[in-house]
Amino acid sequence: MIKVLLYLTMTMPIIAFSQGNYWQQEVNYKMEIEVDVERHKFNGHQTLYYTNNSPDTLFKVYYHLYFNAFQPDGMMDVRSRSIQDPDDRVMDRISKLNDHEIGYHIIKTLSQDGTELSYKIEYTVLEVQLAHPIFPGTTTELNMDFKSQIPIQIRRSGRDNKEGISYSMAQWYPKIAAYDARGWHADPYVAREFYAPWGQFDVSITINRNYVVAASGTLENNNEIGYGYQDDPSIDKKNKGKMLTWHFINEKAHDFMWAADPDYIHQIAQVPKGPKLHFFYQQDRATRNWKKLPEILIAAFKYMNAHFGTYPFSDFYVIQGGDGGMEYPMSTLITGHRDLLSLVGVTVHEALHSWYQGVLATNESYYHWMDEGYTSYASSLTMDYLIGAENDRSNAENYVNYFNLVSSGQEEPMSTHADYFETNFAYKRAAYSKGAVSLSQLGYIVGETCLKEILLNYFDQWKFKHPDINDFIKVAEKTSSMELDWYYDYWIYSTKTIDYAIQDVQPVGKSTQIKLQRIDPMPMPIDLVITLKNGSKKCYYIPLGIMRANKKSENAMARQIMKDWHWTHPSYDLFVKVNLDNIKSIEIDPSQRMADIDRSNNSYLHE
Ligand SMILES: [Zn+2]
């Protein structure tokens, strides 16, 4: 046995890299709520076991009370009425809510290990002074009774969405804020992005028995409820009485969402060697498309498991609700009135968030682009696979959107906190498009095969943790054996752009001199391809000195590695032993994975 183990250790690739003194907090929730569907209110009890794995002693804790955002003159309302390009789902709608339509959480009691606590509430943040500190390595029990009113759906969460789904219950409970190496993250809720510690959710929802409840957890009392067996009359007999309690558990999550509607249909499909897929939707004009979704999503999950890491949960829930598409652990809320392509597109995108948000739980406020961007990149690839498109068609759109952002003059560094972008436009293009390009362009720098390994290593090493950009860079550097910090220094922390050009081409005897120019400041390694008049191609690779390594050849073309081009040097003379008369064309990066903002000067045609 020992021999076998030794053999395995010696031959298996080492992909685990040191995580230094990494730690993360643990929070285990037990919640019971009873919903009053007439008044759209619920009473809840929450027991929270908080384990402090940090080296710090905590004297305070913070909770998010997200429903408080849906009140006139609150920060979300005023932000939406002040920003130049408000989300058309929000606009000035919050300012017009009446007392029965707003959302709120009222804290009725709050105690720590039996001692009552003092606290204050400011907008969506509950600030709690602890009765005794939580020392490193210890667990405390926090108990809370609360009463909440579910707002009319304005953004993400709420009642009565535009397609008639009764309850889309995201951000519905007092949620402990994240504490990490940078301290507390009790950001007021103004628009977007979530970040929370890992733990177990044990949630019991009592609601009128005519509702079907779907959630981001596994139903524990299936037999009692007859969930999925609504046609079985023997089960009906057990369900006399007005209310039913639905008991869900999610063993490892950083959030919990649920949705309820009397008209939900429940369809199940099994991914071979993968999760069980659940679909909850109501019978309406889009039902035809929903019925086609399971088969397509099975194919998508097979592809996603192979390319981005194995989905680690037993189930995934696609639930009609919300106001577009939004990701939650093991689940998504999507609007359902869509054509088939849009329905597949949004479902695949939200499902891929299971990888880049549900399992790799970055702080989205700072690393929105590691969530939305990586998800967009992965969904472009998955959609191309499903549609059968050649050459990365959907990903090209990410480049176009990034180029438009640059030319708009509204670009802000990707490192900007998600809430603090000047415009929604700049946020979206940075997080989704420039974020997606960050990965496909990394494929240009390290090579596609290496990029695939990086993504798998990143997922395996950081699943169920909170990686940040430095963690990703470390995985990328170790996997590729390259220095890559320069790439992120430019791409994330600045708005500097890339523009390379072929400045001049001259014959030098039987050779050719190609004068290259770096017009914009951001440096890159250069792939250059010469096409000869006889149709054959020659590939030249010009390394970037600070990378300290060369990528492997990516195709069957003969490749020559040239001398380094240093970032300090604005120009470069490339001598090739090819007669200019034999040259048909010269092109920098024909793959177009380098986000060169002016491609008109990237090629040279020899007449
Ligand atoms: Zn997304």
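**Exercise 1.** How much accessible surface does the chain have, and what share of it belongs to carbon and sulfur atoms?

*Solution.* Start with the source. This is a predicted model, where local features need pLDDT of at least 70, side-chain atom pairs count only at pLDDT 80 or more, and totals for chains, interfaces and linings use all residues. Residues are numbered from 1 along each chain as its sequence is written, and side-chain values use heavy atoms, with hydrogens and water left out. Now the area, by the Shrake-Rupley method with a 1.4 Å probe. The total is about 25,500 Å². Carbon and sulfur atoms hold 50% of that.

**Exercise 2.** Decide whether the radius of gyration of the chain agrees with a compact globule.

*Solution.* Take the rule: 2.2 Å times the number of residues to the power 0.38, with the radius taken over C-alpha atoms. For 607 residues a compact globule would have a value near 25 Å. The chain has 27 Å, which agrees. Next, the extent: the C-alpha trace spans about 95 × 65 × 55 Å along its principal axes.

**Exercise 3.** Compare His40 with Asp113: is each buried, partly exposed or exposed?

*Solution.* Set the cut-offs: buried is under 20% relative accessible area, exposed is over 50%, and partly exposed lies in between (1.4 Å probe, protein chains only). His40 sits in the loop between strand E1 (26–36) and strand E2 (41–51); strands are DSSP runs (E, at least two residues), numbered from the N terminus. His40 has 17% relative accessibility, so it is buried. Asp113 lies between strand E4 (104–112) and strand E5 (115–116), in a loop. Asp113 has 41%, so it is partly exposed. Finally, check phi. His40 is near 55°; Asp113 is at about 45°.

Notes. Helices (H or I, at least four residues) and strands (E, at least two) are DSSP runs, numbered from the N terminus.
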